[in-house]
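The following exercises concern a predicted model. Each task is followed by a worked solution.

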Amino acid sequence: MATPSRSQQLVRSERRMFAASDDSAMMKQIQSTHAPDGRVVDVKPILQIIDDVLHQITPNIDHALNGGLGQMNAIDDITTSPVDTDGMLEALAYIIQKISCEISCKCSGGGDAHATTMVLLNTLSSYSWDAKVVLTLAAFAVNFGEFWLIVRLCTTNSLAKSVALLKQLPDILEHAQMLKPHFDALNKLIKAMMDVTKCIVEFTELPSQYILSDVPPMSTAMAHIPTAVYWTIRSVVACAVQITSLVGLRQEFITSTSEAWELSSLAHKVSSIHEHLQKLLHLCHQNIDEKKQKEAYDGLSHSLETPQLDNLKILLKIFSLSKEDPNCLLNPEKNKVHVDILRRKHVLLLISDLDISHDEIQVLEIIYKYDRVSSELNYEIVWLPIVDRSAWNDSYEQKFRNLQSIMPWYTVKHPSIIEPAVIKYTREVWRFQKKPIVVTLDPQGKVTCPNALNMLWIWANLAFPFSTEKEESLWKGETWTIELLVDGLEGNLANWIRQQKVICLYGGEDMEWIQKFTSATKAVAQDLGIGLEMVYVGKNNAKERVKKITGLINEKQISHTWQEASVWFFWNRLESMLFSKSQHGKSTTETDVIKQEVMTILGYDGSENGWAAFFFGSTEMVRAKGDKVLNSMQSRKEWENEARESGFIPALRKHLEGITDEHHCTRLILPGNSGGISERVVCAECGRPMEMYFMYRCCVE
């Protein structure tokens, strides 16, 4: 009977070891070799050199096996080690050489792989687990590097050729096809070994102040690392056996697939270990990130709650800048600037996602530029874009760049610099959801209003310095007038009031109702001999439909209309009035005339029919929803005598009050982040409390 070859005996031994690889007895055996004496080895630079060596070899193996002669990589491509690394390697040269000799000797003698691995672990007993595996890989890199240098140079260098003859090294090119499966398996195992080693080293570099070694997942990883080290060193032994078996290039080695199977099996196991360690490492990084973000969140909260000499510290934290690199802001000219340029200024943080509308940007641009510099209003706007980093792609990048390019104020250089802790603070404390907000900071960095956008829409720069106190004082000086409702959107308003004309604002998207209503209203004005001006103000969140209706109104010369931006601003400003009133008004809806009238118009807009509001002078007013006001105009004979005696507005109001609705359905639709709105909202038609429902809407026009 033929005697089994040494390699075949080794394979059978390996198969037996796989079956009982990670039991508790073996773990105790591995742990018994570990007796660290506290010495510290900086393994990172050594691992880099090992990586360089193995990366120089494996591409050349593939090139040679594919029939190419190739050239050794240029010396300049190899990472040069600094002086301190040379000194460290000099101190470790003896142990690396000792391990190298152990590997060569044991593998040449055909010893048991497990026994050889245990010998190496005992030799390295004084070192930490990461140092054990790195030093073993360093010894392997020396042996493998020397082997491959001779193989590659023996065809062109006489010294290398002589050494190759003495060692009986093979002609790789001559046996390329037969050796390819062996070297493919070798390359895969080397990659798996390096992956596990890098992962083990990465565990040692985790910041101890953020993660404890005796608490999962770190404790779980620490329990698995000895096994990972064992199997990596075991793989080094298997690779060394494979290389040693090439000496003499025995026919049994060339034709046998058992060695390649062994390396492939080891590569699979080591890759599985790496995958498991990577999952644990990911969990560790998650825990570290959570603790770092909590620390950053608490730091930002503390800074914002603590009086400061100026706003610089606050701005550095909000924009996630460091004192060493505070130049990640772009000025209106899109040049990088130092954050110090905002020191001791009122800063308005415009917080939005990438869906901020061009209408909002355009209106805010007018406010930002209008009278700000000439009136010496010491404030600046800075855009703080809040985005989902995990979903970032080229499309979002382009969208960000486009928005950034049209903003005439300061912006962050890129959304990626905004830390998760800042994003969390904007959502939890400043309650940013989807709709843009403006948070105001005074020159000392104190938050003076968590959302001044309402103020900006209602009063523009008159609200400076955009504080909560300023908002309250402005409301105290306001009454419900057509000027407050329309602001500067209608250029003819002052003349119409001076000419004592009745002014009618109407809205909706039913063109048939619009034609009937405007025709009937004009007939009433003609019969009564009063001046009348009618303005179509559109409908909220119906841009394309309103655009179409506006075109028809203009074409038929039915009434005055507004541009798209003015229609958007009118409705957005009404919502802002409601939010502002709800947050700062002390009175209830029943006693607050402004709030009541705003909610009424918004309620009309939320219903399907049109609506109309009539003004005479600044304060005399009557309003009604579509069907009631249309019926009133069409039945003018019933109240026209009253109108001639007491006036158009009082007569129409009296007539409307006399109409009782058997059925009505009023809806008040507000954006999802309408924080501060009272849950108790009364119906504009009957005064009863309205029911609250949730509505989800996607309205793409």
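**Exercise 1.** Determine whether strand β11 (residues 611-616) is mostly covered or mostly open.

*Solution.* A residue counts as buried under 20% relative accessible area. By this criterion, 5 of the 6 residues of β11 are buried. Strand β11 is therefore mostly covered.

**Exercise 2.** Identify the strands that pair with β11, and state how they run.

*Solution.* Begin with strand β8 (residues 502-507): 6 bridges join β8 to β11, and the two run antiparallel. Within this pair, Ile503 stands opposite Phe615 of β11. Next, take strand β12 (residues 620-625), which is joined to β11 by 6 bridges, also in antiparallel fashion. Here Phe615 stands opposite Met621 of β12.

**Exercise 3.** Classify the arrangement of helix α2 (residues 24-32) and helix α9 (residues 218-244), and characterise their contact.

*Solution.* The axes of α2 and α9 come within 10 Å and cross at roughly 85 degrees. Angles of 65 to 115 degrees count as roughly perpendicular, so α2 and α9 are roughly perpendicular to each other. Turning to the residues, Met26, Met27, Ile30 and Gln31 of α2 meet Ala223, Pro226, Thr227, Tyr230 and Trp231 of α9. By class, this contact comprises 7 nonpolar, 2 polar and no charged residues.

Note on methods: Residues are numbered from 1 along each chain as its sequence is written. This is a predicted model: local features need pLDDT of at least 70, side-chain atom pairs count only at pLDDT 80 or more; totals for chains, interfaces and linings use all residues. Side-chain values use heavy atoms; hydrogens and water are left out. Axes are lines fitted to C-alpha atoms, for helices over the stretch in contact, and angles run from 0 to 180 degrees between N-to-C directions. Helices (H or I, at least four residues) and strands (E, at least two) are DSSP runs, numbered from the N terminus. Angles under 35 degrees count as roughly parallel, over 145 as roughly antiparallel, 65 to 115 as roughly perpendicular and the rest as oblique. Contact means heavy atoms within 4.5 Å. Ala, Val, Leu, Ile, Met, Phe, Trp, Tyr, Cys and Pro count as nonpolar, Asp, Glu, Lys and Arg as charged, and the others, Gly among them, as polar. Buried means under 20% relative accessible area, exposed over 50%, partly exposed in between (1.4 Å probe, protein chains only). Two strands pair if DSSP finds at least two bridges between them.
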